[in-house]
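Student: I have a model open and would like to go through it piece by piece. Could you take my questions as they come?

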Amino acid sequence: MNEENHRSSAHGASQQRWNFPKLMVSLPAWVESVIPPLGHVYRSDIEKMELVLRLAHLNIMEGSGGPFGAAVFDMRSQRLLAPGVNLVLSSKWSGAHAEMIAIALAQSLVESHDLAASASLRCELFSSTEPCAMCLGAIPWSGIRRLVCGARDQDARCVGFDEGAKPQAWSALLRDQGIEVRQDVLREEAVGILREYIALGRQVYNSKINAPGAPGA
Ligand SMILES: [Zn+2]
C-alpha cells in the first residue's frame, strides 16, 4: 500500500462506526405449537421430562438445533415458566444451550436476573441431558432451586459432545448450595434422542480448538 492509499483508508476508518449487532435469540416458531396451553398444571417429574424430551426430539426433526431440550417450571404452581431448545448453530452463539435459553426466557418473563428473588416463585430446571460445565455454572447464578436431568454427562460424551471440565462431585456441590438434584429421569429415552441425532448424521458442533488438523492446531 502506498502512502496516499494508506492515508485515505485510515481516514475512511475514522469515519466508520463499530455498529455491533444486537444479541437476539428467539425460540423456533414450532415450540409454541407443541407445548400444552398456558396454565397447564404438570402432575409429575415424568410429565415435565416428557415435555423436555419432546422439545429435544423435535429440535432434531425440525432441524433447528442440537438434541437438547430444557424447561423452567414453577414448583409452587406446577406450571411451565419457559421452555428452551439448543440453538447453537442457528444463533451462531456457542452459549445457546437449551438450559441457558430456558433460564434467560424465564428471567426475562419475571423481569429479574434472579429467579429466587420473588417469594411467589420456586423455580426448577429440567434438562434432557445433564448440564455441561457452562450450564452447570449458570445454575447457582440464576436462582434455580432444583435440577432434574434425563441423560447423564457420559451419555452426551459417548456420542461426541464435549461437556467441558466438571467437578465429579457436581451434584453434591449444588446440593451444598441448597439446590436439589434428581438424575436419570427417563434417561433411556433421553439417550435415544442423542443417538438419533448422530444416526441422522447431524453436526456435533464442539469447538475445533483441539480437533486434529484444525487451523492452528
Ligand atoms: Zn450446556
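Student: How many bridges pair strand 1 with strand 3, and in which sense do they run?
Tutor: In this predicted model, strand 1 and strand 3 are paired over 5 bridges in the antiparallel sense. Within that pairing, D74 has C123 of strand 3 as its bridge partner.

Student: And strand 2, how many bridges join it to strand 1?
Tutor: There are 6 bridges between strand 1 and strand 2, and these two strands also run antiparallel; F73, for example, has L80 as its bridge partner in strand 2. The hairpin that the two strands form has 4 residues between the strands, and Q78 takes a positive phi near 60° there.

Student: Is strand 1 mostly covered or mostly open?
Tutor: Strand 1 is mostly covered, since 6 of its 6 residues are buried. G69, A71 and F73 point one way from the strand, whereas A70, V72 and D74 point the other way, and all are buried. As a general point, side chains in a regular strand alternate between the two faces of the sheet.

Student: What does V72 touch, if I skip residues up to four places away in sequence?
Tutor: With those left out, V72 touches L81, A82, A102, I103, A106, C123 and L125. V72 is also among the residues with the most contacts inside the largest nonpolar core, a set of 48 residues, together with V52, A71, A102, A106 and L125.

Student: Which elements supply that core with at least two residues each?
Tutor: Helix 3, helix 5 (98-110), helix 6 (133-142) and helix 9 each do so, as do strand 1 (69-74), strand 2 (79-85), strand 3 and strand 4.

Student: Let's switch to helix 9. Which of its residues are buried?
Tutor: The buried ones in helix 9 are A190, V191, I193, L194 and Y197. They lie on the same side of helix 9, because they cover an arc of only 150° around the axis. On the other side of this helix, E188 and A199 are exposed.

Student: Why would residues three or four places apart point the same way?
Tutor: An α-helix has 3.6 residues a turn, so residues at that spacing point the same way.

Student: What covers the buried residues of helix 9?
Tutor: The cover includes helix 3 (45-61), strand 3 (123-129), strand 4 (146-151) and helix 7 (153-158). Helix 9 itself covers residues 187-199 and reaches 18 Å from its first C-alpha to its last, close to the 18 Å expected for it. Just after helix 9 comes G201, which takes a positive phi of about 80°.

Student: And helix 3, what covers its buried residues?
Tutor: What covers them includes helix 2 (30-34), strand 1, strand 2, strand 3, strand 4 and helix 9. The buried residues of helix 3 include M49, V52, H57 and N59. Helix 3 has 17 residues and reaches 24 Å from first C-alpha to last, close to the 24 Å expected, and it is followed by G63, whose phi is positive, near 70°.

Student: One more: where is E180, and why is it called partly exposed?
Tutor: E180 is found in strand 5 (residues 180-182), and it is called partly exposed because 14 other C-beta atoms lie within 10 Å, whereas a buried residue would need 20 or more. Leaving aside neighbours within four places in sequence, E180 is in contact with R145, R146 and R175. The C-alpha atoms of E180 and R146 are separated by 4.5 Å, although the two residues are 34 residues apart along the chain.

Note on methods:
Residues are numbered from 1 along each chain as its sequence is written. The expected span of a helix is 1.5 Å times one less than its number of residues. A residue is buried if 20 or more other C-beta atoms lie within 10 Å of its own, exposed if 12 or fewer, and partly exposed in between; C-beta atoms are placed from the backbone. The arc is that of the directions from the helix axis to the C-beta atoms. Two residues are in contact if their C-beta atoms, placed from the backbone, lie within 7 Å. A nonpolar core is a set of buried Ala, Val, Leu, Ile, Met, Phe, Trp, Tyr and Cys residues joined through C-beta atoms within 7 Å. Two strands pair if DSSP finds at least two bridges between them.
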